[in-house]
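Visitor: I am new to this structure and would like to go through it step by step. Please show it first.

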Amino acid sequence: MVAALIADIVASRGLPDRASAQRTLEATLVTVAEAAPASERPLLPTVGDELQGVYPDLPAALVTTMLLQLALPEGIELRFGIGLGTIEDIPSVRGALSEGEAWWAARTAIDRVEQLARRAAPSARTLVATAETAPLEMHELVRVANSGLLARDRAVAQLSPRTRRILYRRWLGDTQKEIARAEGVVQSAVSQALATADGGALIEGLRALTGSRD
């Protein structure tokens, strides 16, 4: 079982400079890939505003999606659908085509999160799905994950752009003093931002997913 990830740019047609936004997004993908768990296939642009990647498990995909939410600058947002299951490569004149239940589930997930964001949960950006024929325990995992993701996305949505940058730098291991210097603020402002945003809880959540205690 793998975690197939489909992402798209939220409201891409409304971006004032789509080409510039794409360049910024692709640069962010590179930096986040260095900080996130290794992928089986890196998250890369495919067609239009869509991206696709494959991760070895759900925790790796979840860490990547959160780091991208923190690292992307104001004005550029991604929406994510994660599908759990199997994939296979189909031979083609254009090279191997990746297909399978994990991709179908990822498509279902991203469609659902888009619908959810339009109605009950405007801050929703990430959902997980699996095949209808998947074992019961897999469906239980999906339900638990989606419950946590709705809360996580809500928490991230309330962060200011600066606080997101601060949290991302903390995940990279920067000290508060180093972050303050980079942001052009005093260290107490960094500490206050982390405390006010419950930044410690978000970082601990990432550590729980990666198994890191540092």
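Visitor: In which loop does S123 lie?

Guide: A note first: this is a predicted model, in which local features need pLDDT of at least 70, side-chain atom pairs count only at pLDDT 80 or more, and totals for chains, interfaces and linings use all residues. Residues are numbered from 1 along each chain as its sequence is written, and side-chain values use heavy atoms, with hydrogens and water left out. Helices (H or I, at least four residues) and strands (E, at least two) are DSSP runs, numbered from the N terminus. S123 lies in the loop between α3 and β7.

Visitor: Is S123 buried or exposed?

Guide: Buried means under 20% relative accessible area, exposed over 50%, and partly exposed in between (1.4 Å probe, protein chains only). S123 touches D153, R154 and A157, leaving aside residues up to four places away in sequence; contact means heavy atoms within 4.5 Å. Its relative accessibility is 15%, so S123 counts as buried.

Visitor: What is the strand order of the open sheet of five strands?

Guide: Two strands pair if DSSP finds at least two bridges between them. The pairing in this open sheet is mixed, and the order of its five strands is β2-β3-β1-β4-β7.

Visitor: Which strands stand at the edges of this sheet?

Guide: An edge strand here has a single partner strand, so one of its sides is left without a neighbour in the sheet. The two in this position are β2 (41–45) and β7 (126–130).

Visitor: How many bridges join β1 to β3?

Guide: β1 covers residues 2–9 and β3 residues 50–55, and the two run antiparallel. I6 has Q52 as its bridge partner in β3, and L5 stands opposite G53. The number of bridges joining β1 to β3 is six.

Visitor: Which residue in β4 is the bridge partner of A3?

Guide: β1 also pairs with β4, in the antiparallel sense and over eight bridges. The partner of A3 in β4 is L84.

Visitor: How many of the eight residues of β1 are buried?

Guide: In a regular strand the side chains alternate between the two faces of the sheet. V2, A4, I6 and D8 point one way from β1, while A3, L5, A7 and I9 point the other way, and all are buried. β1 is therefore largely enclosed by the rest of the structure, the buried count being eight of the eight.

Visitor: What angle does helix α3 make with β4?

Guide: α3 (residues 101–118) lies across β1, β3, β4 and β7. Angles run from 0 to 180 degrees between N-to-C directions, and axes are lines fitted to C-alpha atoms, for helices over the stretch in contact. For α3 and β4 the angle is about 145 degrees.

Visitor: Are α2 and α8 roughly parallel or roughly antiparallel?

Guide: Helix α2 (residues 58–71) and helix α8 (residues 199–210) pack at about 150 degrees, with their axes 9 Å apart. Angles under 35 degrees count as roughly parallel, over 145 as roughly antiparallel, 65 to 115 as roughly perpendicular and the rest as oblique. The two helices are therefore roughly antiparallel.

Visitor: Is S98 exposed or partly exposed?

Guide: S98 is found in strand β6 (residues 97–99). S98 touches R41, I87, E88, D89 and W103, not counting residues up to four places away in sequence. With a relative accessible area of 28%, S98 is partly exposed.
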